[in-house]
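Notebook open. I want to look up the ligand site and the domain layout here.

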Amino acid sequence: MNHFIYRENELYCEDVPVQRIAAQIGTPFYLYSHATLTRHFKAFNEAFEGIDRLVCFSAKANTNLAILKLFANLDCGLDIVSGGELYRGIQAGFAPNHIVYSGVGKRVDEIDYALKSGILMFNLESLDELKLINQRAGRLNQRARIAIRVNPDVDPKTHPYISTGLKKNKFGIDTAGALEGYRLAGSLEHIEVIGIDCHIGSQITEAGPFEDALNSIKTLIKQLKSELGIQIQYVDMGGGLGITYADETPPSLKEYAKAFLENLEGMDLTLILEPGRVLVGNAGILVTRVLYKKAGKGKNFIIVDAGMNDLLRPTLYNAFHAIEPIVRSQAPLTVADVVGPICESGDFLAVDRNLTEVDADDLLAVMSTGAYGFVMSSNYCSRPRVAEVMVKNNQYHVVKKRETYQDLVKGESIPTFME
Ligand code: LLP
């Protein structure tokens, strides 16, 4: 359920007509609904009622400070994968002991920053990383709290680029290796083992893979206790729950939570979850304006002012995003490709899509773009990155200004040897 709704054929975000924002700030822009974000977090958190838990929003899905702040205000935790995300998280007011740090390639400076900040735990992904964290914690006279990310070799049945829990993927350590990792971790002076971690992929639309992963983690937790005397306090099951972009039918929050609630009952553990897409995906849209129409040989093109540099998902994953007119008309249906201004044939937002006919200057909404939208945008073709806007009730606020041409060249300089 989200708060992008038509009132008399005009799309509103909560109580603000989207058209009004477009007229005032120009296009393209990402638009987020405060009520939808709040509702999604509360529904997710409440689905796990009855178990000790910490929901850590996966920052990578949308790192805008206003969005992070909204979640921090709801006592949410944060899942980060870089020093930059840690910086943003701290700026937004997350309690450091509600921050977990995943990722295969943490740099020394990032590890030090996280240690100094006092994050809850590192989800580490290799034995080399374990040894390095031990060394850095020693230098800082600390004990680093860690979990090992286990790769349970479970097929999440999602796009291969966003599947992470198969043994052919670069993530985590297989179950046998993890046991060895914990043995080593237990012997290291500056390491405190507190958790176990697993994240099998993204946009997962069945409950089965989560249950399979959980079963393998449960077996390991028991083994750790019986074989190594290690008592796990936090079990981090990552993110990955899918959303409906077209006709997918992901498990409901209740169905998703059920597997965890039933399996972890009585285990004296805190469950950590790292949802990204499910919290923000359907809480955002990308608003774009039609520039031109062009009828090709057997193809109609609608050329809009947003391109693959603004929303990469269709190009990168062939992802489907519904495209809706901001003002609905009685015009007949047509089939067209909705394409951007970039000089690549892969620059499309939709291919062979059924749409009501549009004219130049009409506004379109690219739906379900709150997750992995702006964060994956770039300046390709020297296109300034677009604005981001948040609506709450009848107010809107530009939470990130549209970049300017000056922003594009910021930090660049001509070497003196060329003068
Ligand atoms: N935790 C970890 C360790 C992750 O790597 C991810 C996502 C998440 C949590 C959050 O997953 P979510 O709940 O959002 O599925 N750019 C791709 C998605 C990449 C996901 C990467 N990891 C896309 O646009 O579909």
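Domain bounds come from an automatic or database domain assignment. The model is predicted: local features need pLDDT of at least 70, side-chain atom pairs count only at pLDDT 80 or more, and totals for chains, interfaces and linings use all residues. Residues are numbered from 1 along each chain as its sequence is written, and side-chain values use heavy atoms, with hydrogens and water left out.

I checked the domain pair next. I find 22 residues of domain 1 in contact (heavy atoms within 4.5 Å) with 24 residues of domain 2.

Then I turned to the ligand. I count 19 residues around the ligand, each with a heavy atom within 4 Å of it. The closest are Ser-202, Glu-274, Arg-313, Tyr-317 and Tyr-372. Domain 1 and domain 2 each give at least three residues to this shell. The shell holds five nonpolar, eight polar and six charged residues.

A ligand nitrogen is 2.6 Å from a side-chain N or O atom of Glu-274. For Asp-79, the distance from a ligand nitrogen to a side-chain N or O atom is 3.3 Å. A ligand oxygen is 2.6 Å from a side-chain N or O atom of Tyr-372. Alone, the ligand exposes 590 Å² (Shrake-Rupley, 1.4 Å probe), and the protein buries 91% of that.

Technical notes:
A polar contact is a pair of N or O atoms within 3.5 Å; within protein, one must be able to donate a hydrogen and the other to accept it, and residues adjacent in sequence count only if both atoms are side-chain atoms. Ala, Val, Leu, Ile, Met, Phe, Trp, Tyr, Cys and Pro count as nonpolar, Asp, Glu, Lys and Arg as charged, and the others, Gly among them, as polar.
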